[in-house]
Amino acid sequence: MRVAVVGATGAVGQEILKVLEARNFPLSELRLYASPRSAGKTMAFRGEAIPVEPLPEGPLPVDLVLASAGGSLSKALAPVWAQGGALVIDNSSAWRYEPHVPLVVPEVNRERIFQHQGIIANPNCTTAILVMALWPLHRAFRAKRVIVATYQAASGAGAKGMEELLRETHRYLHGESPVAEVFAHPLPFNVIPHIDTFQENGYTREEMKVVWETHKIFGDDSLRISATAVRVPTLRAHAEAVSVEFERPVSPEAAREVLAQAKGVEVVDEPASRRYPMPLTASGKWDVEVGRIRKSLAFENGLDFFVVGDQLLKGAALNAVQIAEEWLKGP
């Protein structure tokens with residue numbers, strides 16, 4: 001496999017390289033592309049220093065493109081790469097809502113990988129983490145309504161978001177007023193109920209992504225979903241508090257049994273021992289953590305639970321590499 005990573009020097013691009021190496025992805029050649037200002041740098045991979053190249057406008061001489069370089073760039077160039085013979089797995093929002101482009105989380109809808117027309121979309125990080133826990137429960141008990149409140153890390157805004165949180169926290173702790181460039185307001189010691197742009201219905205685009213993408217991944221528009229997306233001052237790993245009403249009777253014990261069998265999910269649910277999902281423990285993990293599983297006090301056939309996943313891994317880089325791995329295995 002000849003593989004290209006587009007946006008290699010960004011937060012997700014760096015994680016893609018680590019995941020490719022850690023999972024021993026079968027490749028014969030690796031090309032790294034980034035903006036002209038990053039060209040000439042080198043990045044370590046399997047003991048070698050791989051040069052970063054400026055991204056050309058035409059096709060890339062590879063079989064697989066793992067792209068994480070922004071929506072406008074992917075919108076313009078992904079079709080060119082695909083027409084040149086490469087499979088494009090795109091991490092931006094450019095192609096997620098196109099009917100002909102599969103939106104894939106392999107543990108949920110692996111079969112869609114083989115229905116591509118040259119481009120496969122990676123879902124938004126918040127959605128990817130949610131569906132890892134929601135899908136096995138939906139399959140077992142049939143979800144009707146889902147209410148989600150997210151606690152999203154600075155990593156959701158990329159390397160610049162993480163840098164701003166660290167820099168402005170330092171300023172705050174040294175008696176200076178923190179400022180905001182990446183975020184809508186200063187993030188240190190704050191939570192901001194505003195991620196992405198506000199829509200006509202009063203929800204933000206980030207919140208609507210959870211609705212649109214879950215429907216598309218599940219292949220079911222009847223599921224009623226409402227989300228509130230909040231930025232919190234953690235570095236990486238998104239957390240989500242989820243309430244679900246099911247059609248079928250459900251118990252916490254039955255839910256734990258289902259989740260314990262689910263690929264990519266780790267049940268961390270021992271409140272008496274202070275074991276529950278947290279960004280501190282989920283950061284750097286391939287699996288998402290699920291815990292605080294309890295019977296809903298609002299819904300008759302309902303559950304509440306807490307799920308945490310590394311935004312840069314299952315929410316981005318890991319999921320993209322897993323799609324490529326499944327593609328190589330074949331239907």
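The structure is a predicted model, in which local features need pLDDT of at least 70 and side-chain atom pairs count only at pLDDT 80 or more, while totals for chains, interfaces and linings use all residues. Residues are numbered from 1 along each chain as its sequence is written, and side-chain values use heavy atoms, with hydrogens and water left out.

Side chains of opposite charge can pair when their charged atoms come close. One of the salt bridges joins Glu29 to Arg31, with the closest N and O atoms 3.2 Å apart. Glu29 is partly exposed because its relative accessibility is 29%; the classes are buried (under 20% relative accessible area), exposed (over 50%) and partly exposed (in between), computed with a 1.4 Å probe on protein chains only.

A further salt bridge is formed by the side chains of Glu168 and Arg167, at an N to O distance of 2.9 Å. Glu168 has a relative accessibility of 2% and therefore counts as buried. Arg167, at 37%, counts as partly exposed. The side chains of Glu176 and Arg171 also meet in a salt bridge, at 3.4 Å from N to O. Glu176 is partly exposed, with a relative accessible area of 40%, and Arg171 falls in the partly exposed class at 26%. Through shared partners, salt bridges join Glu164, Arg167, Glu168, Arg171 and Glu176 into one network.

The domain assignment of the protein chain gives domain 1 (2-122 + 316-329) and domain 2 (127-153 + 191-310); such bounds come from an automatic or database domain assignment. The contact between them takes 14 residues from domain 1 and 14 residues from domain 2, contact being defined as heavy atoms within 4.5 Å. The C-alpha centres of domain 1 and domain 2 are 27 Å apart. About 1,400 Å² is buried between the two domains, and carbon and sulfur atoms give 64% of this area. Buried area is the accessible area (1.4 Å probe) that two parts lose on being put together, summed over both.

Across the interface of domain 1 and domain 2, 2 salt bridges are found. Elsewhere in the list of ion pairs, the side chains of Glu213 and Arg96 form a salt bridge at 3.6 Å, N to O. On the side of domain 1 that touches domain 2, the elements giving two or more residues are helix H1 (11-22) and helix H3 (106-109). Helices (H or I, at least four residues) and strands (E, at least two) are DSSP runs, numbered from the N terminus. H3 gives the most to this side of domain 1, with 3 residues. The residues of this side divide into 8 nonpolar, 1 polar and 5 charged. Here Ala, Val, Leu, Ile, Met, Phe, Trp, Tyr, Cys and Pro count as nonpolar, Asp, Glu, Lys and Arg as charged, and the others, Gly among them, as polar.

Val307 lies in strand E13 (residues 302-309). Val307 is buried, because its relative accessible area is 0%. Leaving aside residues up to four places away in sequence, Val307 touches Ile129, Ala133, His238, Ala239, Glu240, Val242, Val288, Glu289 and Val290. The C-alpha atoms of Val307 and Pro279, which are 28 residues apart along the chain, are separated by 9.7 Å.

Definitions and conventions: Salt bridge = Lys/Arg side-chain N within 4 Å of Asp/Glu carboxyl O.
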